[in-house]
Amino acid sequence: MPQINPYLVLWYHNIVMENPEVFVSKRVMRLTVNGRMHEFAASDAALLLDVLRETLALTGTKQGCDGGECGACTVLVDGRPRLACSTLAVQVEGRSVETIEGQARQGRLTPLQQAFHDKLGAQCGYCTPGMVMASEALLRANPDPSADEIKAALAGNLCRCTGYVKIIESVQAAAAAAARGAR
Ligand code: FES
Ligand code: FES
């Protein structure tokens, strides 16, 4: 998937949204989110974050900054972490988008979510969806990451509450659980 500079994405989004009399058009868009196809009308300048939260009511994905700075909006696109706040929804048409809502199944937390709970990797929880999604991508690609690899994978995700020790311990606990066959 082509990576467009996130600041360019936000610039385009802001120009279009601030000038609706010039850029009026919406069109039917189809997105697969958490395995389910959604069809809705949206502008080509609509941000993935806004579509998830406002159109699809998937408010688990958070906005923690003005764009591209905090990682709270991290989702997976074709299994790879991506900032929903600086991605246009149109960029991910035909791709598989995963959000935090798609992780737990039938009310059961994933081992990674359970590890965040057990190891106190979350306090206010605002950063947690992004942390979980970035960590999920890491563990799929690297089931036994070192602490440095976890730090590198979460380098773009900021937490204002816990510090990062508990978060890293949570990811390590999930990896250990997977090694024991629980994942
Ligand atoms: S809301 Fe996306 S990086 Fe902060
Ligand atoms: S737990 Fe509050 S911002 Fe991370």
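Q: In what order do the strands of the open sheet lie, and which strands stand at its edges?
A: The open sheet has 5 strands with mixed pairing, in the order S2-S1-S5-S3-S4, where strands are DSSP runs of E with at least two residues, helices are runs of H or I with at least four, both numbered from the N terminus, and two strands pair if DSSP finds at least two bridges between them. Each edge strand has a single partner strand, so one side of each is left without a neighbour in the sheet; these are S2 (36–42) and S4 (80–83).

This is a predicted model, in which local features need pLDDT of at least 70 and side-chain atom pairs count only at pLDDT 80 or more, while totals for chains, interfaces and linings use all residues. Residues are numbered from 1 along each chain as its sequence is written, and chains are lettered from A and ligands numbered from 1 in the order in which they are written.

Q: Which residue in S5 is the bridge partner of Thr-32?
A: Strand S1 (residues 27–33) and strand S5 (residues 96–98) run parallel and are joined by 2 bridges. In S5, the partner of Thr-32 is Ser-96.

Q: Is Glu-18 buried or exposed?
A: Glu-18 belongs to helix H1 (residues 6–18). A residue is buried if 20 or more other C-beta atoms, placed from the backbone, lie within 10 Å of its own, exposed if 12 or fewer, and partly exposed in between. Because Glu-18 has 9 C-beta neighbours inside 10 Å, this residue counts as exposed.
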